[in-house]
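Trainee: Could you take me through one part of this model closely, namely the side of the second chain that meets its partner, and set it in its surroundings? I'd be glad of one connected account, with the cut-offs spelled out.

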Amino acid sequence: MPVTDALRETAAQLLAEGTVQVVLGWERGTLPLRTTPLPARTVEEAGRLVADATCDNNLTLYLTRLKEERVGLVARPCEARALVEYLREHRVTPGRVLAIGVPCTGMLSRRALEARLGGRLPEAGRLDGDQVVGTAGGAEERIALAEVLEPACRGCRLPDAAVYARVLGHPCPPAGDRHTLLQRSDNLAADARYAEFVEAAARCLRCYACRQACPLCYCAECFTDRSAPAWVGPSDDLSDTMLFHLTRAMHLAGRCVDCGACVRACPVGVDLSHLNLALGREAAQRFGYRPGLDPADRPLVATFRPDDPEEFIR
Amino acid sequence: MSQTWEPKIVAFLCHWCSYAGADLAGISRLQYPANVRVIRVPCSGAVNPFYLLKALQRGADGVLVSGCHPGDCHYLAGNMVARRKFALLKKLLEHVGLEPDRVQFSWVSAAEGQKFADVIREVTESVRALGPARHLQKARRALCR
């Protein structure tokens, strides 16, 4: 049975028997190959749920906007890892969320697809098994999904924590270690790395779509929005933009679950997720810490070990 | 400018140890470079990594954070938590191609006036070797004087 059908059936059943009051999932969006989050509260609404490679948003973000006591969360590994962080940070009460695990084939990268369609937006599109069928300029093109995957999905790691209450279908196999993606920047000279950072920061519009899409960027008031004290200038001044991205990366150190929602949300295609990745690797190597695995772990920078390395301190 | 340039260093000193260490260096008449601007903070753990980035943005050539030795923290573990944060910050700066030596850390107790003078000398020299800060700065018109 296709996963969407299984999902609709499971969600309808959970809602009908009252196990949950709402199932948080996705439905088809108004544009081809796009989806939008859907809190399904009735059996009829559950019939609109979908789960496929076009589900951009990380649903865990929307958990705390729901008022219901019992929530069903359609969870891919990305949602599950973010849910572990939410449990760890006491953002949701244990037992409130029933995670419905769905297999993930990796996310379709809209930018990669557009590039394959000659730089044009698809006028129509659908998924057909492991292929994407997109129409642009009247010509239909068939592309293997594996060729137009999001970078984050190429090195996906599954959650080791058993947060799923139900699992539909077979989960996808882990696709490798994302940290190997840092090898390219590791081999660059410092000036070249800085030049790349400046180039990305210069394109950034400071629209904060990355922050809004991020499940772990949930501060009630972001440091960028404060006016007293005004931590970062509000304009698109290059140094302010760089400070914003560096500080956002610091705030996500040991918390980023590498779902890539920030990258997919960016309107100008800035991908600074490697900042989070670099800090994630440091957290793993230096402190043996990996986010999104165990809800019982203490947060990385809220704790310490007496023998933490301090070779950089005079 | 290069002939008269002197590194400008902002030092965040914890109230209980390093600030008292600086005081001891002063009353002991120890000589050290006059390149540091001291900001007293309650604890090295109270130093937000953002402060360091902001200092660099606003014209500092280097930043120093100094606190109590591990185990000596007035608030028991502030410096241990700071140690984790600053290890991550240093890594992040290195990753984006900024010189990690622009941000420096030390443990200086209230009894270590001599160590404080030595640390300031070492930090000043290593920042001097890096030259004037070239990255992260805000346009000159907006700089604090």
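Mentor: Happy to. Let's begin with a term: domain bounds here come from an automatic or database domain assignment. On that basis chain A splits into domain 1 (3-109 + 149-302) and domain 2 (110-148). Eleven residues from domain 1 of chain A and 14 residues from domain 2 of chain A take part in the contact between them, where two residues are in contact if their C-beta atoms, placed from the backbone, lie within 7 Å. On the side of domain 1 of chain A that touches domain 2 of chain A, five residues are nonpolar, five polar and one charged; Ala, Val, Leu, Ile, Met, Phe, Trp, Tyr, Cys and Pro count as nonpolar, Asp, Glu, Lys and Arg as charged, and the others, Gly among them, as polar. The C-alpha centres of the two domains of chain A are 24 Å apart.

A word on provenance: this is a predicted model, in which local features need pLDDT of at least 70 and side-chain atom pairs count only at pLDDT 80 or more, while totals for chains, interfaces and linings use all residues. Residues are numbered from 1 along each chain as its sequence is written, and chains are lettered from A and ligands numbered from 1 in the order in which they are written. The model has an ipTM of 0.92 and a pTM of 0.92. For chain B the mean pLDDT (the predictor's confidence in each residue, from 0 to 100) is 92, with 94% of its residues at 70 or more.

Now to the chain you asked about. Chain B has four helices and four strands, in the order β-α-β-α-β-α-β-α from the N terminus; helices (H or I, at least four residues) and strands (E, at least two) are DSSP runs, numbered from the N terminus. Chain B has a radius of gyration of 15 Å, close to the 15 Å given by the globule rule for 145 residues, so chain B is as compact as a globular protein of that length. That radius is taken over C-alpha atoms, and the rule is 2.2 Å times the number of residues to the power 0.38. Along the principal axes, the C-alpha atoms of chain B fill a box of roughly 40 × 35 × 25 Å.

Here is your part itself. The contact between the chains takes 31 residues from chain B and 31 residues from chain A. On the chain B side, helix H2 (49-57), helix H3 (78-95), strand E4 (103-107) and helix H4 (113-130) each supply at least two residues, and H3(B) provides the largest share, twelve residues. By class, this side of chain B holds 17 nonpolar, seven polar and seven charged residues.

A residue is buried if 20 or more other C-beta atoms lie within 10 Å of its own, exposed if 12 or fewer, and partly exposed in between, with C-beta atoms placed from the backbone. The largest nonpolar core has 137 residues, and those with the most contacts inside it include A:Leu83, B:Val63 and B:Leu92. Of the 145 residues of chain B, 53% count as buried.

Methods. Core = buried A, V, L, I, M, F, W, Y, C linked by C-beta atoms within 7 Å.
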